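Okay, thanks for coming, everyone. Let me put the model up on the screen and then walk you through it.

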Amino acid sequence: MKRIVSIVVTLALLAWLASDSRWKMVGDAFASITPGAFAAVALALFVTYVLRALRVCDEFRDEVNGRFGACLRVILIHNAMINVVPFRGGETAFPLLLRQVFGIPLMRASASLLWFRLQDAFVVGVLACLVWPGLNPALRAAGIAALIAAAWYLPRWARAPHDWAARGRIVAKLGMLRDIFTEATGRSRYGWWWTVANWALKLAVQGWLLAMLLGTSFQTAFPGAVGAEAAAILPVQGVAGFGTYEAGAAAALLYSGIAIKSGLQAALALHLFIFCSAIATGAIAWLFPSKSTVPGNPAVGSARKSSP
């Protein structure tokens, strides 16, 4: 009942915001898009959630034991929390849910989340260098090379032998964190493939929707989607990333001849669609708890049981 009340209150708040006349421009931006196109975009976004869940299943395959549905639920709730809690505070949902459902230690889950985010940043960074309008070819090539080199070197640095445990209390603790991070970078068999597939699809569908909102070509709109996501992975964000997301998209679109006002309006409409998708799927996942596999803690996250 508490969950249902929370969802109703949230939907009522969104309806109140939508009734404000200043949001009319967002409705106007969506007016030319068919329901079929909306359905296709929503389905494609859900597939990106599935890809992220597969990445989690791959990373924690020994603890998950093939429970894909539980991994998908973790991803959906985590994604919704990122969009609700300001300043990236929703990231904490990921390690907490993994501990609750699978008994994975917080440090282990947090280290994997850090590696996931670094992989995301590397992939989005390379794509931004590839498609950012007006970028000098030499800078484009140098940026791509630097990002690929850093992505290759970082896990190898973490795995290299070190004597940090004998360098004092603080350095010893950093050495322990380094060892945990080392484990995170080496566990996933196909982590980079899941990451590239997720971002390729996510940015493609966002670029497609942005092109429809702007009434322009996919080639023109795609850099805007990349710019928005490049801004969205910044470590400090407002509530749901509003502001930085739109600014990143509008900045990239400006080089393609899209006026700043039009770019901001289309980016806001795109962001609201993604936000609503995240909240809706997260709310649905929240209503269907996963059974905990933590020994001695059967009540945590357990599925509903009928009375005898």
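Let's start with contacts. In this chain, residues 24 or more positions apart account for 67% of the contacts with a separation of 6 or more, where contact means heavy atoms within 4.5 Å. Before I go on, a quick caveat: this is a predicted model, so local features need pLDDT of at least 70 and side-chain atom pairs count only at pLDDT 80 or more, while totals for chains, interfaces and linings use all residues. Numbering runs from 1 along each chain as its sequence is written, and side-chain values use heavy atoms, with hydrogens and water left out.

So what does the secondary structure come to? It's 13 helices and zero strands. Helices here are DSSP runs of H or I with at least four residues, strands are E runs of at least two, and both are numbered from the N terminus. Read from that end, the order is simply α-α-α-α-α-α-α-α-α-α-α-α-α.

On burial, 44% of the 308 residues count as buried. The cut-offs are under 20% relative accessible area for buried, over 50% for exposed, and partly exposed in between, with a 1.4 Å probe and protein chains only. The chain exposes about 15700 Å², and carbon and sulfur atoms supply 71% of that; the areas come from Shrake-Rupley with a 1.4 Å probe, and for residues only the protein chains shown count as cover.

Now, the record. An unreviewed UniProt entry lists "transmembrane region" for residues 30-51, 114-135, 141-158, 199-218, 230-255 and 267-288. Those positions are in the numbering used here, feature names are shortened, and annotations may be inferred rather than shown by experiment. How do two of those stretches look in the model? Residues 141-158 are 100% helix and 0% strand, with end C-alpha atoms 26 Å apart. Residues 114-135 are 82% helix and 0% strand, and there the end C-alpha atoms are 29 Å apart.

Next, the spaces inside. The second largest pocket has a volume of about 460 Å³. Of the 22 residues lining this pocket, the closest to its centre are Q119, V123, A151, W192 and V196. For the terms: on a 1 Å grid over the protein atoms alone, a cavity is a set of points where a 1.4 Å probe fits but cannot get out, a pocket is an open set with protein on both sides within 12 Å along at least five of seven lines, and lining residues have an atom within 4 Å of a point. Grid points are joined across faces, edges and corners, and a volume is the space filled by probe spheres set on the points.

Which helices build that pocket? α7 (106-131), α8 (137-159), α9 (169-187) and α10 (191-214) each supply at least two lining residues, and α8 has the largest share, with seven. By class, the lining has 13 nonpolar, five polar and four charged residues. Nonpolar is Ala, Val, Leu, Ile, Met, Phe, Trp, Tyr, Cys and Pro; charged is Asp, Glu, Lys and Arg; the others, Gly among them, are polar.

A few individual residues, then. T195 sits in α10 and is buried at 1% relative accessibility. Leaving out residues up to four places away in sequence, T195 touches R55, Q119, D120 and V123. I180, over in α9, is buried too, at 17%. Its C-alpha is 6.5 Å from that of A111, 69 residues away along the chain.

In α13 (residues 260-287) we have C276, partly exposed at 39%. Beyond four places in sequence, S277 is in contact with L45 and Y49.

Last one. Most residues other than glycine have a negative phi. What phi does N65 have? It's positive, about 55 degrees, although N65 is not a glycine. N65 is in the loop between α4 (61-64) and α5 (68-84), and at 61% relative accessibility N65 counts as exposed.
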